[in-house]
Amino acid sequence: MDARDTELKKELDATLQARRELGEEYESALVDSFLEKVDQRIDGAVERRVRRQMAEQQMVVARGSRSPQTTDSWGERYGFGIVSLVLAVPLSAIAGGISGLPGLLVAWGGIVGVNAFQAARVNPDLFRGRCGKDARDAEGDAWKD
């Protein structure tokens with residue numbers, strides 16, 4: 001078990017102990033607090049990973065050996081979607097509870113927008129359809145004949 005996992009386990013144990021002592025009326029506040037800590041942990045891990053990848057790409061460019069490659073791994077493609085859906089649950093609850101249907105639509109619009117941006121970043125030709133560069137080149141070649 002990683003040291004960070006031990007720390008998170010201690011936080012969960014402390015939250016459960018506080019719930020036993022304080023009772024059910026504080027349960028949602030305790031759960032929200034624990035989820036905030038988990039979100040911070042995830043954000044920190046993502047930030048460290050992004051910084052490391054940026055540093056690796058900068059090293060490759062600085063060496064001049066080749067241009068940086070996109071890292072389109074399974075974990076990046078599907079992990080981002082899974083994390084966004086997991087975080088969508090509390091966001092939906094908060095937005096729906098505070099603003100009702102309009103808040104829920106705004107929250108999900110943001111979630112869809114973030115995922116669409118990630119998909120476009122990973123695969124730039126995704127939203128170009130058939131009128132991408134290859135289609136224009138093929139049409140141009142047809143007129144040359």
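Which residues of H4 are buried? In this predicted model, the buried residues of H4 are Gly103, Ala107, Ile111, Gln118 and Val122. They lie on the same side of H4, because they cover an arc of only 85 degrees around the axis. On the face turned away from that buried side, H4 carries the exposed residues Leu101, Pro102, Leu105, Val106, Val112 and Phe117. The length of helix H4 (residues 101-122) also agrees with expectation: at 1.5 Å a residue, its 22 residues should span 32 Å, and the end C-alpha atoms are 31 Å apart.

Now for the charged side chains. The count comes to six salt bridges, and the table shows some of them.

| Salt bridge | N to O distance |
|---|---|
| Asp13 and Lys9 | 3.7 Å |
| Arg19 and Glu24 | 3.7 Å |
| Arg51 and Glu47 | 3.2 Å |

Asp13 and Lys9 both belong to helix H1 (residues 3-22), four residues apart, or about one turn of the helix. Arg51 and Glu47 have that spacing of four residues in helix H2. Arg51 is exposed, with a relative accessible area of 51%, while Glu47 is partly exposed at 45%. Arg19, Glu24 and Glu27 are linked in a network of salt bridges; within it, Arg19 is partly exposed at 27% relative accessibility and Glu24 is exposed at 60%.

Finally, the second largest pocket holds about 280 Å³ of space. Helix H2 (27-63) and helix H3 (74-99) are the elements that give two or more residues to its lining. That lining divides into nine nonpolar, no polar and three charged residues; among them are Asp32, Glu36, Asp39, Leu87 and Ile94.

Key. Residues are numbered from 1 along each chain as its sequence is written. This is a predicted model: local features need pLDDT of at least 70, side-chain atom pairs count only at pLDDT 80 or more; totals for chains, interfaces and linings use all residues. Side-chain values use heavy atoms; hydrogens and water are left out. On a 1 Å grid over the protein atoms alone, a cavity is a set of points where a 1.4 Å probe fits but cannot get out, and a pocket is an open set with protein on both sides within 12 Å along at least five of seven lines; lining residues have an atom within 4 Å of a point. Grid points are joined across faces, edges and corners, and a volume is the space filled by probe spheres set on the points. Ala, Val, Leu, Ile, Met, Phe, Trp, Tyr, Cys and Pro count as nonpolar, Asp, Glu, Lys and Arg as charged, and the others, Gly among them, as polar. The expected span of a helix is 1.5 Å times one less than its number of residues. Buried means under 20% relative accessible area, exposed over 50%, partly exposed in between (1.4 Å probe, protein chains only). The arc is that of the directions from the helix axis to the C-beta atoms. A salt bridge is a side-chain nitrogen of Lys or Arg within 4 Å of a carboxyl oxygen of Asp or Glu.
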